[in-house]
Amino acid sequence: MASGKQRESTSPRWTQTWLGGAASAGVDLGTPGARLGLPKDGPGSVATYGRRVVALLLDLLAGALVGAALASALDWSPATRSLANTAVFALMVWLLTATLGTTIGKRLVGLRVARLDGRPIGFGWSLARTVLLVLVVPALLWDRDHRGLHDRASNTVVVRA
């Protein structure tokens, strides 16, 4: 500028708005789960991404260990072993989520899956959720309530236990 002074602005630059999301533009979206009637903190609040990722990794590890033991005992080819790991993971997630509302990994990090209407998840919704989870891409698409596409499709949310 000609005067040597920097221009003072009360509004954020467009790059800050774009990179920082809606909150940096001054839009208050509330806390994750607020639209769903869930508490901000403590039991029943929406699980954080970090805890969900740790739970997923633990579940994948459990599925891989059981799948590897099964494939080794039956002397399967490497391609079949990989399929066995995926099948064991999917079966474990489907059955445990349908019956207990949690998986081994979620249990270890203090999470559970809950239906938004409060009813048990059941085998049908758990199967839909598991199929989408195994496809991986839907689990990477999140909304502002930290619900992946697989959660939205099955009318569920992952919360702290």
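The model is predicted: local features require pLDDT of at least 70 and side-chain atom pairs count only at pLDDT 80 or more, while totals for chains, interfaces and linings use all residues. Residues are numbered from 1 along each chain as its sequence is written, and side-chain values use heavy atoms, with hydrogens and water left out.

**Stop 1: helices H3 and H5**

Select residues 78-100, helix H3, and residues 122-134, helix H5. Helices (H or I, at least four residues) and strands (E, at least two) are DSSP runs, numbered from the N terminus. H3 and H5 pack at an angle of about 145°, and their axes are 8 Å apart. The axes are lines fitted to C-alpha atoms, for helices over the stretch in contact, and the angles run from 0 to 180 degrees between N-to-C directions. The crossing of H3 past H5 is right-handed; a crossing is left-handed if the near helix is turned anticlockwise from the far one by less than a right angle, and right-handed if clockwise.

Next, display the side chains on both sides of the contact (heavy atoms within 4.5 Å). From H3, select Thr86, Phe89, Ala90, Val93, Trp94, Leu95, Thr97, Ala98 and Thr99; from H5, select Gly122, Phe123, Ser126, Leu127, Thr130, Leu133 and Val134. This contact of H3 with H5 comprises ten nonpolar residues, six polar and no charged. Here Ala, Val, Leu, Ile, Met, Phe, Trp, Tyr, Cys and Pro count as nonpolar, Asp, Glu, Lys and Arg as charged, and the others, Gly among them, as polar.

**Stop 2: the aromatic pair**

How many aromatic pairs does a search of the whole structure find? The search finds one. Select Trp94 and Phe123, whose rings are arranged edge-to-face, with 5.9 Å centre to centre and 70° between the planes. Trp94 in H3 and Phe123 in H5 are 29 residues apart, and the pair links distant parts of the chain. Rings of Phe, Tyr and Trp (its six-membered ring) pair if their centres lie within 6.5 Å; planes under 30 degrees apart count as stacked, over 60 as edge-to-face and the rest as tilted.

For solvent exposure, buried means under 20% relative accessible area, exposed over 50%, and partly exposed in between (1.4 Å probe, protein chains only). Trp94 counts as partly exposed because its relative accessible area is 23%. Phe123 is also partly exposed, at 45% relative accessibility.

**Stop 3: the salt bridges**

The model contains four salt bridges, each a side-chain nitrogen of Lys or Arg within 4 Å of a carboxyl oxygen of Asp or Glu. Select Arg52, Arg129 and Asp151, which are linked in a network of salt bridges. Between Arg52 and Asp151, the closest N and O atoms are 2.7 Å apart. Arg52 is in helix H2 and Asp151 in helix H7 (residues 149-154), 99 residues apart. The salt bridge of Arg129 with Asp151 has an N to O distance of 2.9 Å. Arg129 lies in H5 and Asp151 in H7, so this pair ties together parts that are 22 residues apart in sequence.

Are these residues buried or exposed? Arg52 is buried, as its relative accessibility is 10%. Asp151 is buried at 0%, and Arg129 is buried as well.

Then move to Arg115 and Asp117, another salt bridge, in which the closest N and O atoms are 2.7 Å apart. Arg115 is buried at 9% relative accessible area, whereas Asp117 is partly exposed at 38%.

**Stop 4: two positive phi values**

Select Asp75 in the loop between H2 and H3. Its phi is near 55°, a positive value in a residue other than glycine. Asp75 counts as exposed because its relative accessibility is 63%.

Continue to Asn155, in the loop between H7 and strand E2 (156-160). Asn155 has a positive phi of about 60° although it is not a glycine, and at 28% relative accessible area Asn155 is partly exposed.

**Stop 5: helix H2**

Return to H2 (residues 49-74) and select Leu57. Leu57 is exposed, with 53% relative accessible area. Its C-alpha atom is separated by 7.4 Å from that of Gly105, 48 residues apart along the chain.

Finally, select Tyr49, also in H2. Which residues is Tyr49 in contact with, leaving aside its neighbours within four places in sequence? They are Trp142, Asp143 and His146. The C-alpha atoms of Tyr49 and Arg147, 98 residues apart along the chain, are separated by 9.7 Å. Tyr49 counts as partly exposed, at 36% relative accessibility.
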